[in-house]
Amino acid sequence: PPQVASAARRLIAETKRSASLAAAKDPRTIKALLMAGATKEEFPSWSHTSAQPLDAIYGTGQVNINNSYRMLLAGRQPSGSAWHTVKGWDLGQSGPAAVYYFEVPAGQTLKFSTVLAWHREPTPNLFLGFDGAPAALDLRLRNSNTSFALGTVVAESTSALDTVEHIYVPTLPAGRYALEVSGPAGTTYGIAWN
């Protein structure tokens, strides 16, 4: 739709204005920013499961450029043992250290949305042209602590069909959390959280 293209153009224009945002220009990151910023309130029947991260009719919901723009301006926040803000993004590679830690302040709850997006890498096939399943990346939201330990799973997205994982928690309570990207090492992805 034109609204999505217009929102993507706005985000890309901002990445060209600031060197610190240049990595967000990657289409995987733009996709993650747009999808993670989407709102669901307009669609009371919106639903998803860990195996089907997008609603069959509404996808991730209604594009909201304000949410996506705020995530973009929060800046790139690479994975690793550091506390991040509750809004942000990264262009990363899957591997053993692909974990993002953040904290919901005491006395607050968040409407939390995160999207992981990557490209399908087709492999050449002499008879079929191209084939191959997309790399299977998974996304888990876990409890954590001051030692950056990965605790119990709060929510997860483990679709075997898509190149998108999406976690949405309408009321995430105060506490420390970790976003864990798992799957074959070396897959470049974009991730955004709001």
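A crossing of two helices is left-handed if the near helix is turned anticlockwise from the far one by less than a right angle, and right-handed if clockwise. Helices here (H or I, at least four residues) and strands (E, at least two) are DSSP runs numbered from the N terminus. What you see above is a predicted model, in which local features need pLDDT of at least 70, side-chain atom pairs count only at pLDDT 80 or more, and totals for chains, interfaces and linings use all residues. Residues are numbered from 1 along each chain as its sequence is written, and side-chain values use heavy atoms, with hydrogens and water left out.

Let's start with the helices. Two packed helices are described by the angle between their axes and the distance between the axes. The axes are lines fitted to C-alpha atoms, for helices over the stretch in contact, and angles run from 0 to 180 degrees between N-to-C directions.

Helix 2 (residues 27–36) packs against helix 3 (residues 65–74) at an angle of about 130°, with the axes 7 Å apart. The two are therefore oblique to each other (angles under 35 degrees count as roughly parallel, over 145 as roughly antiparallel, 65 to 115 as roughly perpendicular and the rest as oblique). Helix 2 passes helix 3 in a right-handed crossing. Leu33, Leu34 and Ala36 of helix 2 make the contact with Ser68, Met71 and Leu72 of helix 3 (contact means heavy atoms within 4.5 Å). By class, this contact has five nonpolar residues, one polar and no charged; Ala, Val, Leu, Ile, Met, Phe, Trp, Tyr, Cys and Pro count as nonpolar, Asp, Glu, Lys and Arg as charged, and the others, Gly among them, as polar.

Now bring in helix 1 (residues 2–17), which packs on helix 2 at about 120° with axes 10 Å apart. Helix 1 and helix 2 are therefore oblique to each other, and their crossing is right-handed. Here Val4, Ala7, Ala8, Leu11 and Ile12 in helix 1 meet Ile30, Leu33 and Leu34 in helix 2. That contact of helix 1 with helix 2 has eight nonpolar residues, no polar and no charged ones.

Helix 1 also packs on helix 3, at an angle of about 20° with the axes 10 Å apart. Helix 1 and helix 3 are therefore roughly parallel to each other, and helix 1 passes helix 3 in a right-handed crossing. On the helix 1 side, Ala7, Arg10, Leu11, Glu14 and Thr15 make the contact, and on the helix 3 side Ile65, Ser68, Tyr69, Leu72 and Leu73. The contact of helix 1 with helix 3 has six nonpolar, two polar and two charged residues.
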